[in-house]
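Trainee: I have a model open and some time to go through it. Can we take it piece by piece?

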Amino acid sequence: MAIKKAVFHSLMAMPLCLCMASGVSAEETDRLVEAREALQSKVDSFDLLTNEQLLTLEKQFADLIHADSKTDLTKVRQTLEQAGFEWQWLEEGLVMLTDRHSKGLGHYLFRLDSDLALMLQAPHQFYDRHTGQLAIDLFLESKAKVLALNSAHRRLKINDRTGNADMAHLEGTAFGSLTRAFGLSRAGGVVVQLHGFAAGKRTSEAGRDADIIVSSGQRWLQPVAERFSACLSEVGRWNVLRFPVDVGELGGTTNTQGVALRHLGNNRFVHLELSRDLREKLIGNPVDFNALNACLIDLNGGL
């Protein structure tokens, strides 16, 4: 499989960074830098949502996913702001929702005019180092449709019940409402969820030697994840393993977002585990970053 040629951009030229070369004003640059900080901000509280609240969020998210830059989103904005989000237009067709009232709702970006039916998720951005930054960068460069980030640490205790605010394992979250809305709105859409692992904590030699572990979040590797892992392997820079074919750990089989998609008949969930060393390279080396981004874009051919 031929990897699509990616246009070279340094990490410092991305839309939420200092885009002076593209004629962005100082005021706009400050606003976009603040947006990146908001997307990576951590809250210290997590509130449970009622079923009614979850359904309301799902509907508003679906409306955003179906919308384009000409759609009147006044009512959607009002409803989401009442739910606790701050709404901001970063540029035409790019909406940012952030967890304004520290409820653990998560932080999100929606690209209204994107033809790439791809959602990127980083549910552990404060635990898996660099995954939040990587998810933002990949969203911007790939032109994906949706980005979802946690706003509460995965180890944060939940208000009024036992358990932690882990968006990859907790049910009944705004994060999950968005996954359902995306799955129902984009029947052929793909969700790629970024995670990080430490080689020293792996229980197998294969796991310790891996740079990347790809799975479908279930016991068998599905075609989209297989295709993605083949693209990554073709890059020739990384040791790419497939769960459960090549390695028996970090398969994400209990991931609630993957389960939610399967219940909708969608087997296009990709659970992407990145080693610590590779995450450092992806942040600092445009060659590695662009190769990963090209494989994400290449998923569009199989949607």
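Trainee: Where is His-130 found?
Mentor: This is a predicted model, and in it His-130 sits in the loop between strand 4 (116-122) and helix 4.

Trainee: What is phi there for His-130?
Mentor: About 75°, a positive value, although His-130 is not a glycine. Most residues other than glycine have a negative phi.

Trainee: Back to peptide bonds, then. Which residues does the cis one join?
Mentor: Phe-243 and Pro-244, with omega at about 0°. Pro-244 belongs to the loop between strand 8 (240-242) and helix 8. Most peptide bonds are trans.

Trainee: OK, helices. At what angle do helix 4 and helix 10 pack?
Mentor: Helix 4 (residues 131-142) and helix 10 (residues 286-298) pack at an angle of about 60°, and their axes are 10 Å apart. The two are therefore oblique to each other.

Trainee: Left-handed or right-handed, helix 4 passing helix 10?
Mentor: The crossing is right-handed.

Trainee: And which residues of helix 4 and helix 10 meet?
Mentor: From helix 4, Leu-134, Asp-137, Leu-138, Glu-141 and Ser-142; from helix 10, Phe-289, Leu-292, Asn-293, Leu-296 and Ile-297. By class, that contact has six nonpolar, two polar and two charged residues.

Trainee: What about helix 4 and helix 9, at what angle do they cross?
Mentor: Roughly 45°, with the axes coming within 10 Å. Helix 4 and helix 9 are therefore oblique to each other. Helix 4 passes helix 9 in a left-handed crossing.

Trainee: Which residues make that contact of helix 4 with helix 9?
Mentor: Thr-131, Gln-133 and Leu-134 in helix 4 meet Arg-279, Leu-282 and Ile-283 in helix 9. The classes are three nonpolar, two polar and one charged. Note Leu-134: it is among the residues of helix 4 that meet helix 9, and it is also among those that meet helix 10.

Trainee: Moving on. How do the axes of helix 2 and helix 3 cross?
Mentor: At roughly 140°, and they come within 10 Å. Angles over 145 degrees would count as roughly antiparallel, so helix 2 and helix 3 are oblique to each other. Helix 2 passes helix 3 in a left-handed crossing.

Trainee: Which residues of helix 2 and helix 3 make the contact?
Mentor: Helix 2 brings Thr-56, Leu-57, Gln-60, Phe-61, Asp-63 and Leu-64, and helix 3 (residues 74-83) brings Lys-75, Val-76, Thr-79, Leu-80 and Ala-83. That contact has six nonpolar, three polar and two charged residues.

Trainee: How much space lies in the second largest pocket?
Mentor: About 320 Å³. Its lining is made of 16 residues, and nearest its centre lie Glu-171, Gly-172, Gly-176, Arg-180 and Ala-260.

Trainee: Which element gives the most to the lining of the second largest pocket?
Mentor: Helix 8, with five residues. Helix 2 (51-66), helix 5 (174-185) and helix 8 (256-263) each supply at least two. So far helix 2 had come up for its contact with helix 3; here it is also one of the elements that supply the lining of the second largest pocket.

Trainee: Last one: how do the residues of that lining of the second largest pocket divide by class?
Mentor: Into five nonpolar, eight polar and three charged. For the largest pocket, the charged residues number eight.

Key
Residues numbered from 1 in each chain as written. Predicted model: local features only at pLDDT ≥ 70, side-chain atom pairs only at ≥ 80, totals over all residues. Heavy atoms only, no water. Nonpolar A, V, L, I, M, F, W, Y, C, P; charged D, E, K, R; others polar. 1 Å grid on protein atoms, 1.4 Å probe; cavity = no way out; pocket = protein on both sides within 12 Å on 5 of 7 lines; lining within 4 Å. Points joined across faces, edges and corners; volume = space filled by probe spheres on them. Helix = DSSP H or I, 4+ residues; strand = E, 2+ residues; numbered from the N terminus. Axes fitted to C-alpha atoms, helices over the stretch in contact; angles between N-to-C directions. Parallel < 35°, antiparallel > 145°, perpendicular 65-115°, else oblique. Left-handed = near helix turned anticlockwise from the far one by under 90°. Contact = heavy atoms within 4.5 Å.
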